[in-house]
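Subject: Handing over the two-chain model

Dear colleague,

I am passing on to you the structure that I have been looking through, and I would be glad if you kept it open beside this message while you read.

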Amino acid sequence: GESVGLHLPTLSVQEGDNSIINCAYSNSASDYFIWYKQESGKGPQFIIDIRSNMDKRQGQRVTVLLNKTVKHLSLQIAATQPGDSAVYFCAEWVASGSRLTFGEGTQLTVNP
Amino acid sequence: NAGVTQTPKFQVLKTGQSMTLQCAQDMNHNSMYWYRQDPGMGLRLIYYSASEGTTDKGEVPNGYNVSRLNKREFSLRLESAAPSQTSVYFCASQSGTGGDYGYTFGSGTRLTVV
(Lines give C-alpha, C1' and ligand atoms only; values in the text may rest on other atoms or scores of the structure.)
Protein backbone atom coordinates (compact mmCIF):
# COMPACT_ATOMS: atom_id res chain seq x y z
CA GLY A 1 0.00 0.00 0.00
CA GLU A 2 0.96 3.65 -0.08
CA SER A 3 3.25 4.74 2.69
CA VAL A 4 5.70 7.32 3.84
CA GLY A 5 8.82 6.08 5.55
CA LEU A 6 12.23 7.15 6.67
CA HIS A 7 15.56 5.60 5.79
CA LEU A 8 17.20 5.89 9.23
CA PRO A 9 15.58 5.74 12.64
CA THR A 10 18.39 7.67 14.41
CA LEU A 11 20.92 10.33 13.48
CA SER A 12 23.67 11.68 15.71
CA VAL A 13 25.61 14.80 14.76
CA GLN A 14 28.06 17.22 16.33
CA GLU A 15 26.92 20.70 17.22
CA GLY A 16 27.63 23.02 14.32
CA ASP A 17 27.52 20.31 11.67
CA ASN A 18 24.83 20.11 9.02
CA SER A 19 22.16 17.41 9.37
CA ILE A 20 20.32 15.62 6.62
CA ILE A 21 17.20 13.63 7.37
CA ASN A 22 15.73 11.51 4.60
CA CYS A 23 12.27 10.32 3.73
CA ALA A 24 10.99 7.99 1.02
CA TYR A 25 7.42 8.08 -0.18
CA SER A 26 5.58 5.79 -2.52
CA ASN A 27 2.42 7.65 -3.48
CA SER A 28 3.13 9.48 -6.72
CA ALA A 29 -0.18 11.34 -6.29
CA SER A 30 1.07 13.18 -3.19
CA ASP A 31 0.84 16.88 -3.86
CA TYR A 32 2.22 18.34 -0.66
CA PHE A 33 4.93 17.37 1.80
CA ILE A 34 5.54 18.66 5.29
CA TRP A 35 8.28 18.22 7.86
CA TYR A 36 7.40 18.23 11.54
CA LYS A 37 9.60 18.41 14.63
CA GLN A 38 8.54 16.70 17.83
CA GLU A 39 10.34 17.41 21.07
CA SER A 40 10.03 15.04 23.99
CA GLY A 41 6.64 15.25 25.64
CA LYS A 42 5.21 17.65 23.07
CA GLY A 43 3.08 17.50 19.98
CA PRO A 44 4.59 17.79 16.48
CA GLN A 45 5.38 21.29 15.28
CA PHE A 46 5.45 22.46 11.68
CA ILE A 47 8.93 23.16 10.28
CA ILE A 48 8.67 23.57 6.54
CA ASP A 49 6.58 22.37 3.62
CA ILE A 50 6.94 21.95 -0.12
CA ARG A 51 4.53 21.52 -2.97
CA SER A 52 5.00 18.68 -5.41
CA ASN A 53 5.67 21.13 -8.26
CA MET A 54 8.79 22.40 -6.48
CA ASP A 55 12.14 20.73 -5.92
CA LYS A 56 13.60 22.95 -3.23
CA ARG A 57 12.41 25.28 -0.55
CA GLN A 58 14.43 27.14 2.07
CA GLY A 59 13.53 28.41 5.49
CA GLN A 60 15.57 29.67 8.39
CA ARG A 61 18.47 27.18 8.69
CA VAL A 62 16.33 24.49 7.05
CA THR A 63 16.01 23.38 3.44
CA VAL A 64 13.68 20.75 2.03
CA LEU A 65 14.58 18.98 -1.18
CA LEU A 66 12.11 16.96 -3.22
CA ASN A 67 13.13 14.46 -5.88
CA LYS A 68 9.99 13.18 -7.53
CA THR A 69 11.87 10.90 -9.88
CA VAL A 70 12.96 8.65 -7.02
CA LYS A 71 10.18 9.69 -4.62
CA HIS A 72 12.60 11.06 -2.05
CA LEU A 73 12.35 13.96 0.36
CA SER A 74 15.08 15.34 2.59
CA LEU A 75 15.36 17.91 5.34
CA GLN A 76 18.66 19.71 5.73
CA ILE A 77 19.41 21.58 8.93
CA ALA A 78 22.36 23.95 8.79
CA ALA A 79 24.65 24.51 11.78
CA THR A 80 22.75 22.05 13.94
CA GLN A 81 22.21 23.17 17.52
CA PRO A 82 21.37 21.22 20.70
CA GLY A 83 17.86 22.66 20.51
CA ASP A 84 17.39 20.80 17.23
CA SER A 85 17.48 17.46 19.06
CA ALA A 86 14.06 15.93 18.47
CA VAL A 87 12.17 13.41 16.36
CA TYR A 88 11.55 14.60 12.81
CA PHE A 89 8.62 13.35 10.75
CA CYS A 90 7.85 13.76 7.13
CA ALA A 91 4.22 13.74 6.10
CA GLU A 92 2.49 13.68 2.76
CA TRP A 93 -0.83 15.06 1.67
CA VAL A 94 -2.86 13.45 -1.04
CA ALA A 95 -5.83 15.53 -2.11
CA SER A 96 -8.02 12.48 -2.64
CA GLY A 97 -7.40 11.34 0.91
CA SER A 98 -7.86 14.76 2.50
CA ARG A 99 -5.46 14.12 5.34
CA LEU A 100 -1.80 13.78 6.17
CA THR A 101 0.02 10.45 6.30
CA PHE A 102 3.08 10.42 8.54
CA GLY A 103 6.34 8.52 8.33
CA GLU A 104 7.88 6.67 11.29
CA GLY A 105 10.23 9.47 12.37
CA THR A 106 13.98 9.99 12.80
CA GLN A 107 15.50 10.75 16.19
CA LEU A 108 18.09 13.50 15.77
CA THR A 109 20.64 13.83 18.59
CA VAL A 110 23.01 16.78 18.63
CA ASN A 111 26.19 16.25 20.61
CA PRO A 112 27.87 19.31 22.16
CA ASN B 1 -3.62 32.03 22.36
CA ALA B 2 -4.15 28.45 23.56
CA GLY B 3 -4.31 26.68 20.16
CA VAL B 4 -5.29 23.05 20.66
CA THR B 5 -5.95 21.91 24.21
CA GLN B 6 -6.14 18.26 25.21
CA THR B 7 -7.31 16.83 28.50
CA PRO B 8 -6.26 14.90 30.44
CA LYS B 9 -2.49 14.87 29.93
CA PHE B 10 -2.05 11.49 31.59
CA GLN B 11 -4.46 8.66 32.33
CA VAL B 12 -4.24 5.10 33.59
CA LEU B 13 -7.18 2.81 32.91
CA LYS B 14 -7.95 -0.77 33.78
CA THR B 15 -8.88 -3.14 30.99
CA GLY B 16 -12.57 -2.77 30.20
CA GLN B 17 -12.96 0.72 31.59
CA SER B 18 -14.22 3.54 29.42
CA MET B 19 -13.10 7.11 29.08
CA THR B 20 -13.31 10.15 26.83
CA LEU B 21 -10.36 12.19 25.68
CA GLN B 22 -11.23 15.82 25.19
CA CYS B 23 -9.89 18.17 22.54
CA ALA B 24 -10.75 21.82 21.96
CA GLN B 25 -9.34 24.42 19.59
CA ASP B 26 -9.85 28.15 19.69
CA MET B 27 -8.65 28.99 16.17
CA ASN B 28 -12.00 28.56 14.40
CA HIS B 29 -10.57 25.66 12.39
CA ASN B 30 -12.87 23.50 10.33
CA SER B 31 -11.04 20.17 10.38
CA MET B 32 -9.99 18.18 13.42
CA TYR B 33 -8.11 14.90 13.77
CA TRP B 34 -7.25 12.24 16.30
CA TYR B 35 -3.95 10.38 15.97
CA ARG B 36 -2.23 7.79 18.09
CA GLN B 37 1.53 7.48 18.39
CA ASP B 38 3.21 4.27 19.47
CA PRO B 39 6.93 3.82 20.23
CA GLY B 40 9.04 3.73 17.09
CA MET B 41 6.09 4.52 14.89
CA GLY B 42 4.69 7.57 13.25
CA LEU B 43 1.29 9.02 13.90
CA ARG B 44 -1.64 6.91 12.76
CA LEU B 45 -4.99 8.48 12.08
CA ILE B 46 -7.88 7.18 14.16
CA TYR B 47 -10.75 9.46 13.13
CA TYR B 48 -11.15 12.86 11.61
CA SER B 49 -13.81 15.49 11.16
CA ALA B 50 -13.62 17.64 8.06
CA SER B 51 -16.27 20.00 9.36
CA GLU B 52 -18.75 20.38 12.17
CA GLY B 53 -21.29 17.57 12.02
CA THR B 54 -19.16 15.13 10.03
CA THR B 55 -16.78 12.39 11.12
CA ASP B 56 -14.87 9.74 9.18
CA LYS B 57 -12.72 6.74 9.98
CA GLY B 58 -8.99 6.84 9.58
CA GLU B 59 -6.45 4.01 9.49
CA VAL B 60 -7.07 2.53 12.95
CA PRO B 61 -10.66 3.29 14.09
CA ASN B 62 -11.47 -0.02 15.79
CA GLY B 63 -12.20 0.35 19.49
CA TYR B 64 -12.83 4.09 19.28
CA ASN B 65 -15.72 6.46 18.73
CA VAL B 66 -15.70 10.20 18.20
CA SER B 67 -18.03 13.13 18.56
CA ARG B 68 -17.67 16.51 16.91
CA LEU B 69 -19.67 18.32 19.55
CA ASN B 70 -19.36 21.73 17.88
CA LYS B 71 -16.79 23.52 15.79
CA ARG B 72 -14.39 23.83 18.74
CA GLU B 73 -14.57 20.37 20.28
CA PHE B 74 -13.74 16.89 19.04
CA SER B 75 -13.76 14.07 21.57
CA LEU B 76 -12.42 10.53 21.36
CA ARG B 77 -14.08 7.77 23.37
CA LEU B 78 -12.77 4.38 24.35
CA GLU B 79 -15.79 2.26 25.30
CA SER B 80 -13.87 -0.73 26.66
CA ALA B 81 -10.16 -0.04 26.98
CA ALA B 82 -7.64 -2.71 26.01
CA PRO B 83 -3.88 -2.87 26.65
CA SER B 84 -3.33 -2.47 22.89
CA GLN B 85 -4.75 1.04 23.24
CA THR B 86 -1.86 2.10 25.43
CA SER B 87 -0.43 4.98 23.43
CA VAL B 88 0.01 8.72 23.21
CA TYR B 89 -3.00 10.39 21.61
CA PHE B 90 -2.73 13.64 19.71
CA CYS B 91 -5.49 15.88 18.54
CA ALA B 92 -4.88 18.28 15.67
CA SER B 93 -6.83 20.93 13.85
CA GLN B 94 -6.56 22.48 10.40
CA SER B 95 -8.03 25.74 9.13
CA GLY B 96 -8.92 24.45 5.68
CA THR B 97 -8.71 21.36 3.54
CA GLY B 98 -5.49 21.02 1.65
CA GLY B 99 -1.83 20.28 2.18
CA ASP B 100 -1.02 23.97 2.44
CA TYR B 101 -3.19 24.32 5.53
CA GLY B 102 -0.87 23.20 8.29
CA TYR B 103 -1.93 21.12 11.23
CA THR B 104 -1.76 22.48 14.77
CA PHE B 105 -1.26 19.74 17.32
CA GLY B 106 -2.14 19.54 20.98
CA SER B 107 0.43 18.40 23.52
CA GLY B 108 -0.99 14.89 23.74
CA THR B 109 -2.64 12.52 26.21
CA ARG B 110 -0.51 9.67 27.46
CA LEU B 111 -2.82 6.71 28.10
CA THR B 112 -1.83 3.49 29.81
CA VAL B 113 -4.23 0.54 29.94
CA VAL B 114 -3.33 -2.11 32.49
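Predicted model: local features only at pLDDT ≥ 70, side-chain atom pairs only at ≥ 80, totals over all residues.

Residues are numbered from 1 along each chain as its sequence is written, chains are lettered from A and ligands numbered from 1 in the order in which they are written, and side-chain values use heavy atoms, with hydrogens and water left out.

**The pocket**

The largest pocket has a volume of about 620 Å³. A pocket here is an open set of points, on a 1 Å grid over the protein atoms alone, where a 1.4 Å probe fits and which has protein on both sides within 12 Å along at least five of seven lines, and its lining residues have an atom within 4 Å of a point; the volume is the space filled by probe spheres set on the points, which are joined across faces, edges and corners. There are 28 lining residues, of which A:Q38, A:G41, B:Q37, B:V88 and B:R110 are the closest to the centre of the pocket. Two or more residues of the lining come from each of β9 (86–94) of chain A and β9 (87–94) and β11 (109–113) of chain B, where strands are DSSP runs (E, at least two residues) numbered from the N terminus. Sorted by class, the lining has nine nonpolar, 13 polar and six charged residues; Ala, Val, Leu, Ile, Met, Phe, Trp, Tyr, Cys and Pro count as nonpolar, Asp, Glu, Lys and Arg as charged, and the others, Gly among them, as polar.

**The core**

In soluble globular proteins, nonpolar side chains tend to be buried together. The largest nonpolar core of this model has 20 residues, and A:W35, A:L73, A:L75, A:Y88 and A:L108 touch the most other members. Such a core is a set of buried Ala, Val, Leu, Ile, Met, Phe, Trp, Tyr and Cys residues joined through side-chain atoms within 4.5 Å, and buried means under 20% relative accessible area, exposed over 50%, and partly exposed in between (1.4 Å probe, protein chains only). Among the elements that give two or more residues to this core are β3 (19–25), β4 (32–38) and β8 (72–77) of chain A. If neighbours within four places in sequence are left aside, A:L75 is in contact (heavy atoms within 4.5 Å) with residues that include A:I21, A:W35, A:I47, A:V62 and A:Y88.

**Salt bridges**

Over all chains the structure holds six salt bridges, each being a side-chain nitrogen of Lys or Arg within 4 Å of a carboxyl oxygen of Asp or Glu. In one of them the side chains of A:R57 and A:D49 meet at 2.2 Å, N to O; A:R57 is partly exposed at 35% relative accessible area, whereas A:D49 is buried at 8%.

Another joins A:D84 and A:R61 at 2.9 Å, N to O. Because A:D84 lies in the loop between β8 and β9 of chain A and A:R61 in the loop between β6 (56–58) and β7 of chain A, the pair ties together parts that are 23 residues apart in sequence. A:D84 is buried, with a relative accessible area of 6%, and A:R61 is partly exposed at 31%. A:R61 also has a positive phi of about 65°, although it is not a glycine.

In chain B, the side chains of B:D38 and B:R36 meet at 3.0 Å, N to O; B:D38 is buried at 10% relative accessibility and B:R36 is buried at 8%. Salt bridges that share partners join B:R36, B:D38 and B:R44 into one network.

**Single residues**

The peptide bond from B:T7 to B:P8 is cis, with omega near -10°, and B:P8 lies in the loop between β1 (4–7) and β2 (10–13) of chain B. A:A79, in the loop between β8 and β9 of chain A, has a positive phi near 45°.

Which residues does B:F105 touch, not counting residues up to four places away in sequence? They include A:Y36, A:P44 and A:F102 of chain A and B:V4, B:Y35 and B:F90 of chain B. B:F105 is in strand β10 (residues 103–105) of chain B and is buried at 10% relative accessibility.

With best wishes

Conventions. Helix = DSSP H or I, 4+ residues; strand = E, 2+ residues; numbered from the N terminus.
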